[in-house]
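Have a look at the picture first, then read on.

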Amino acid sequence: MFFKKKKKDPEDNKQWYSLIIMTQDEMYEDEYEGLSEVISDQVDNVGFTCNLIRKNTSHGALIEIDQKINTASDPCFILILINNDDIKREVELMEKQHKWKKFFGYLTPADYFEAMERANLNWDAIIYSTDNPEGIIQYLNDHSM
């Protein structure tokens, strides 16, 4: 009676995605930003982007990625479904492993970012890959809520 009901925000149910731009060699920052901005300007449910360099990635991870994607172009665009439960679990695990740092307030934003990055780069959750940014935009527009 005294409390108002919290209105449901459609953003709460929105599905978020990680965008990985995989290249053979390191990319200049302006190239990477240009490619990621082409996509982020057209869609609004990409929550995490990164550049993955094949030659700096472990052999085991590359095998796992190559089994899940259907293109080997350079660059290759990969979408991964973000799972908030995985992020919470990784953050809690990191805080548990570094409990004294947490207790004394020495955990940095970079520590939290690394934990979130581990959760967002879950190769089992790859849902789409393509060699052009328009394919990513089309996929996200077709599958948005």
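Before we start, one term: two residues are in contact when they have heavy atoms within 4.5 Å of each other. Keep in mind, too, that you're looking at a predicted model.

Now find Ile 69. Leaving aside residues up to four places away in sequence, Ile 69 touches Met 22, Cys 76, Ile 78, Ile 126 and Ser 129. Ile 69 also belongs to the largest nonpolar core, which has 22 residues. Along with Ile 20, Met 22, Ile 65, Ile 78, Ile 80 and Trp 123, Ile 69 touches the most other members of that core. In soluble globular proteins, nonpolar side chains tend to be buried together.

Which elements give two or more residues to this core? They are the strands β1 (17–23), β2 (46–53) and β3 (76–81), plus the helices α2 (59–68), α3 (84–97) and α5 (109–120). The core lies between domain 1 (15–82 + 125–144) and domain 2 (84–121), because both of them give residues to it. There's also a second, separate core of 14 residues, with Tyr 32, Ile 39, Tyr 139 and Leu 140 among them.

Next, slide along to the loop between α2 and β3, where you'll find Pro 75. Most peptide bonds are trans. The one joining Asp 74 and Pro 75, though, is cis, with omega at about 5 degrees.

Finally, head out to Trp 100 in helix α4 (residues 99–103). Is Trp 100 buried or exposed? Its relative accessibility is 58%, so Trp 100 counts as exposed, since the cut-off for that is over 50%. Together with Phe 103, Phe 104 and Tyr 106, Trp 100 makes a nonpolar surface patch of about 590 Å².

Key. Residues numbered from 1 in each chain as written. Predicted model: local features only at pLDDT ≥ 70, side-chain atom pairs only at ≥ 80, totals over all residues. Heavy atoms only, no water. Core = buried A, V, L, I, M, F, W, Y, C linked by side-chain atoms within 4.5 Å. Buried < 20%, exposed > 50% of the residue type's maximum accessible area, 1.4 Å probe, protein only. Helix = DSSP H or I, 4+ residues; strand = E, 2+ residues; numbered from the N terminus. Domains from an automatic or database assignment. Patch = residues over 30% accessible without salt bridge, like charges linked within 9 Å, V, L, I, M, F, W, Y side chains within 5 Å. Areas by Shrake-Rupley, 256 points an atom, 1.4 Å probe, with all protein chains shown as cover. Salt bridge = Lys/Arg side-chain N within 4 Å of Asp/Glu carboxyl O.
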